[in-house]
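Let's take a friendly walk through a protein model together. Have a look at the picture below, and then we will follow the chain piece by piece.

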Amino acid sequence: MYNSNMNELIQKAKLKHNLTKNEIIGLLSNKDIDIELFSAADEVRKKYVGDEVHLRALIEFSNYCRCSCLYCGIRCDNRLVERYRLSKDQILSLSKIAVDFGYKTIVLQSGEDIYYSADYLSQIIKKIKENDVAVTLSIGERPAEEYKILKEAGADRFLLRIETTDIELYKKMHPKASIENRKRCLYDLKNLGYETGSGCLVGLPNQSIESLADDILFFKELDADMIGIGPLIPHENTPLKNVNSGDFNLALKVMALTRLLLPDINIPATTAMETLNPNGRLIALQSGANVVMPNVTFDEYKSKYEIYPDKAKVDYNELLTVLNKIGRFVSNEKGFRNKLI
Ligand code: 5AD
C-alpha cells in the first residue's frame with residue numbers, strides 16, 4: 001500500500017479506534033510510517049489518559065514455577081535457578097516500604113507457585129488493602145474459584161499475558177499449558193470484575209506479523225484494561241538461548257497500535273523495552289505508554305527472579321527528571337482505567 005493510504009489508516013485509527021486485521025498487518029509491515037504511528041499513539045495517549053504516569057510497585061515474591069515456557073528463565077526445568085519464596089511478613093514489609101514511599105499500587109508477581117494458596121494470598125491482600133492502595137496480582141493460571149476468593153479479599157487487578165494468540169506457536173512455547181485455559185482465565189478475571197491486563201511477547205521464533213495483528217485484535221475483543229508488550233530477550237539457560245532478541249521497533253509498533261485501538265487503557269513502558277534499548281522507557285512513554293513498574297523487591301531476590309538477563313532498573317530520581325523533561329508527571333492516584341469508549 002502507498003504511504004498516503006497508510007497515513008489515512010493512522011488517521012482512521014486515531015479517530016475511530018478500529019482497524020481490520022489487514023490494515024493492522026499493513027501498518028506493522030510498513031517501514032516508512034513509524035514516526036507518524038508513534039506520534040498518533042502519543043496524541044491519543046494524551047487525549048485519553050493525560051500526561052500523568054502511574055507507578056506500580058512490583059514485588060517478585062516467589063520464583064518457583066510449575067510452567068516450562070521455552071523463553072522464560074525461571075521455567076521449572078531450569079535447574080540452575082536458586083529458588084526462593086517470600087513469607088507473608090516479608091511481602092508485607094516490602095509493601096509497607098512501597099506504600100510509605102508513595103506508591104498507590106502494589107503488584108504481587110510470582111512464578112506459578114501453588115504453595116501460595118488462595119487463602120494465604122488473601123491474608124496478604126487484606127493486610128495490604130488496609131492502606132489506601134490498589135493491589136494487582138500476577139500469579140498465573142488458577143481456577144475461577146480461587147480468582148473469586150482473591151477478588152473478595154480485595155485484589156483489584158490481575159495481569160496475565162496471552163503471550164501469543166497463534167495456537168501452534170502457543171503450544172510449542174508452553175509445553176505444560178493450553179491456550180484454552182489461558183483464555184478461560186482471562187475471561188473469568190474479566191467476569192469477576194478484575195481490571196484485567198494481558199499482552200504479548202514480540203519476537204518468538206516463527207511468530208508472524210499476522211499473528212501479532214491477531215494479538216492486538218484479541219486485546220480489543222477481551223476489552224483488556226491494561227496491555228504490556230515486550231520484546232523477547234533470550235535467556236541462556238532456556239531452549240531459546242540461541243534465538244535473536246525481539247525487534248524493539250516492532251514491539252513499539254504493536255504497543256502504539258494497541259494504544260490507538262484501546263485509547264483509554266493503561267499501557268506500561270515495559271522493562272524488556274528498556275533492557276533492549278537504553279532509551280526504551282522514554283521512547284515507549286512517548287509512543288503510547290503511561291505506566292512504569294519499578295521493582296521494589298529486596299536486592300538479594302531481584303537477581304534470582306531472572307526471567308531474562310540484565311533486566312533494566314528504575315532509578316526513581318532519574319525517572320522524575322526524564323518525565324519532567326517530556327512534560328509528564330507522576331500521578332497521585334491509583335490509576336484505574338477510566339473507560340471512555
Ligand atoms: N524475554 C522477554 N520477556 C519475557 N517474559 C518471560 N520470559 C521472557 C523473555 N525471555 C515475559 C512474559 C511474561 C512476563 C512476566 O515476562 O511475557 O508474561
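Strand 5 and strand 6 (residues 195-202) run parallel and are joined by 3 bridges. Helices (H or I, at least four residues) and strands (E, at least two) are DSSP runs, numbered from the N terminus, and two strands pair if DSSP finds at least two bridges between them. Look for Leu159: its bridge partner in strand 6 is Gly197.

A word on what you are viewing: this is a predicted model, where local features need pLDDT of at least 70, side-chain atom pairs count only at pLDDT 80 or more, and totals for chains, interfaces and linings use all residues. Residues are numbered from 1 along each chain as its sequence is written, and side-chain values use heavy atoms, with hydrogens and water left out.

In what order do the strands of the open sheet lie? There are 6 strands, in the order 2-3-4-5-6-7, with parallel pairing. Strand 2 (57-62) and strand 7 (226-231) are at the edges with a single partner strand each, so one side of each has no neighbour in the sheet. On average, neighbouring strands are turned by 20° against each other, direction ignored.

Right-handed means that, with the strands pointing away from the viewer, the path from the first strand over the helix to the second runs clockwise.

Strand 4 also pairs with strand 5 (residues 157-159), in the parallel sense over 2 bridges, and Thr136 stands opposite Arg157. Here the chain crosses through helix 6 (residues 144-153), again in a right-handed β-α-β crossover.

Is strand 4 buried or exposed? Of its 5 residues, 5 are buried, where buried means under 20% relative accessible area, exposed over 50% and partly exposed in between (1.4 Å probe, protein chains only). Both faces are covered, with Ala134, Thr136 and Ser138 on one side and Val135 and Leu137 on the other.

Finally, find His17 in the loop between helix 1 (3-16) and helix 2 (21-29). His17 is buried, with a relative accessible area of 4%. Among the residues that His17 touches are Val44, Tyr48 and Ile341, a contact being heavy atoms within 4.5 Å.

Notes: Axes fitted to C-alpha atoms, helices over the stretch in contact; angles between N-to-C directions. Lists of a residue's contacts leave out its neighbours within four places in sequence.
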